Amino acid sequence: MLSLDEAREVVLAGCTVGHPRAMPLADALGLVTSVDIDAAEAVPPFDNTAMDGFAVRAADTSSATPDTPAHLTIVGTLAAGAPPDLTVGPGQAVRIMTGAPLPVGADAVVMVELTDGGTKSVTVHESPKTGAHIRRRGEVLSTGQPLLPAGRRLTAGALALVASHGYGQVPVHRAPRVRTLATGDEVVPPETTPGPGQLRDSHTDFLLAAGRSLGLAFEPLGIAPDREADLDRLVARGLEADVLLLSGGVSMGEFDLVEGVLGRLGCTILFDQVAIQPAKPLVAAVHPGGLVFGLPGNPASAMVAFWLFVRPALRRLLGHTDAYWHGALAAELDAPLPGAKGRDRFLPAEVEIRSGRLLATPVAPVGSHDQATYAKGSALVRIPAHSSPAPTGSPCEILPLVDWRLP
Ligand code: AMP
Ligand code: MG
């Protein structure tokens with residue numbers, strides 16, 4: 001049986017980053033740049049003022065103090081957006097507003113707070129340094145300098161930056177199309193009242209929400225009965241997507257038909273067991289058009305399999321360069337942690353930040369059907385295989401289920 005890390009490597013090796021495509025900015029949040037993006041213009045594009053005040057020649061006011069102010073003649077006003085068609089001559093000043101272009105001849109701006117004056121002349125009480133409050137053309141970026149490197153997640157700030165350079169579209173890796181299909185004769189839609197022996201599907205809503213947390217809209221194909229003909233038809237539809245997320249039907253029972261269906265439809269099974277608890281009977285497969293996961297039916301197992309395998313695979317397809325356990329954080333136990341036998345165990349944990357420390361309170365579930373406990377955690381705590389119980393205060397490794405770096 002593959003270890004977690006071995007199985008993860010096998011899955012990630014089967015992930016090909018999405019082809020580059022141009023995406024309108026409004027649809028690009030959370031996607032990843034496919035090429036370096038350069039500054040289309042100098043920033044600022046022209047010399048302008050950082051303050052409301054008066055554009056002056058610094059030499060004219062070099063001896064100005066509150067007791068011996070300088071008196072200048074106002075020759076005009078420049079608002080933001082005005083053409084820079086005024087000139088400041090000796091003894092003159094131009095009234096100027098933040099963002100307005102610097103008039104010809106001026107080499108400093110005096111803040112309005114340090115002046116007195118009417119409409120015709122201004123009294124300056126302080127001597128500005130040459131260049132004071134002037135934002136010079138290109139001082140932030142010159143044309144052609146790098147704006148965003150390839151492989152960068154597009155946050156709100158990154159999109160604002162790209163917009164300010166006139167890019168209406170941004171080159172990104174195409175997001176994977178993902179479909180979901182729950183399986184099981186006993187599984188009914190959540191809005192249905194289950195009959196004897198039936199239970200409500202919780203996987204579909206979990207997967208759709210978990211997909212949204214990655215910025216992806218999964219397409220649900222519903223619930224398939226445990227019958228080969230129905231499964232073949234629905235799984236074939238699922239395989240048209242880049243990633244198919246099946247759930248249930250991967251254990252050792254007589255009606256666990258998923259692996260057989262995948263084989264018939266031309267998929268190559270990568271593995272059908274991983275040394276983890278929960279989610280041991282996880283199936284991963286590839287086919288020429290993409291990737292398939294057969295998530296275990298138990299709700300906690302399906303969740304853990306998603307966080308440990310599906311999320312890193314989708315992140316890789318999206319073009320993110322970090323992966324799985326690199327996203328894990330060092331934390332401190334705020335409650336004792338049980339040990340593990342031959343498989344890495346994952347327990348849900350509440351994580352709290354107290355005085356700058358990350359404190360994890362793991363909660364032991366009743367079993368892999370205990371969705372209530374797994375649904376509470378904001379992280380998973382890893383208990384490495386063969387480890388002994390650890391007391392409160394020991395270091396631990398957590399995998400956040402919430403992406404704290406989201407824009
Ligand atoms: P299976 O892997 O099909 O043997 O399912 C294992 C367990 O998970 C069984 O108790 C199923 O009833 C349960 N299960 C399977 N699919 C779902 C689902 N979509 N939602 C909730 N429980 C499920
Ligand atoms: Mg089943």
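Does His386 count as buried, partly exposed or exposed, and at what relative accessibility? At 64% relative accessibility, His386 counts as exposed; buried means under 20% relative accessible area, exposed over 50%, and partly exposed in between, with a 1.4 Å probe and protein chains only.

This is a predicted model, in which local features need pLDDT of at least 70 and side-chain atom pairs count only at pLDDT 80 or more, while totals for chains, interfaces and linings use all residues. Residues are numbered from 1 along each chain as its sequence is written, chains are lettered from A and ligands numbered from 1 in the order in which they are written, and side-chain values use heavy atoms, with hydrogens and water left out.

**Overall form**

The chain contains seven helices and 26 strands; helices (H or I, at least four residues) and strands (E, at least two) are DSSP runs, numbered from the N terminus. Its radius of gyration is 31 Å, whereas a compact globule of 407 residues would have a value near 22 Å. That radius is taken over C-alpha atoms, and the globule rule is 2.2 Å times the number of residues to the power 0.38. Along the principal axes, the C-alpha atoms fill a box of roughly 95 × 50 × 40 Å. Buried residues account for 47% of the 407 residues. Of the contacts (heavy atoms within 4.5 Å) between residues at least 6 apart in sequence, 71% join residues at least 24 apart.

The chain has four aromatic pairs. Rings of Phe, Tyr and Trp (its six-membered ring) pair if their centres lie within 6.5 Å; planes under 30 degrees apart count as stacked, over 60 as edge-to-face and the rest as tilted.

Because Phe206 lies in helix 3 (residues 203-212) and Trp307 in helix 6 (residues 299-318), their pair ties together parts that are 101 residues apart in sequence. Phe271 is buried at 6% relative accessibility, and Phe309 is buried at 2%.

Helix 3 is largely enclosed by the rest of the structure, because seven of its ten residues are buried. Among them are Phe206, Leu207 and Leu208. The cover over the buried residues of helix 3 includes helix 6 as well as strand 13 (178-183), strand 16 (219-224), strand 17 (243-247) and strand 21 (290-295).

**Backbone features in loops**

Most residues other than glycine have a negative phi, and most peptide bonds are trans. The peptide bond from Val43 to Pro44 is cis, with omega near -10°, and Pro44 sits in the loop between strand 2 (37-38) and strand 3 (48-49). Gln277 and Pro278 are likewise joined by a cis peptide bond, with omega about 0°; Pro278 belongs to the loop between strand 19 (276-277) and strand 20 (283-287).

His133 has a positive phi of about 60° and is located in the loop between strand 9 (121-124) and strand 10 (134-135). This histidine, His133, is partly exposed at 31% relative accessibility. His386 has a positive phi near 65° and lies in the loop between strand 25 (379-383) and strand 26 (395-400).
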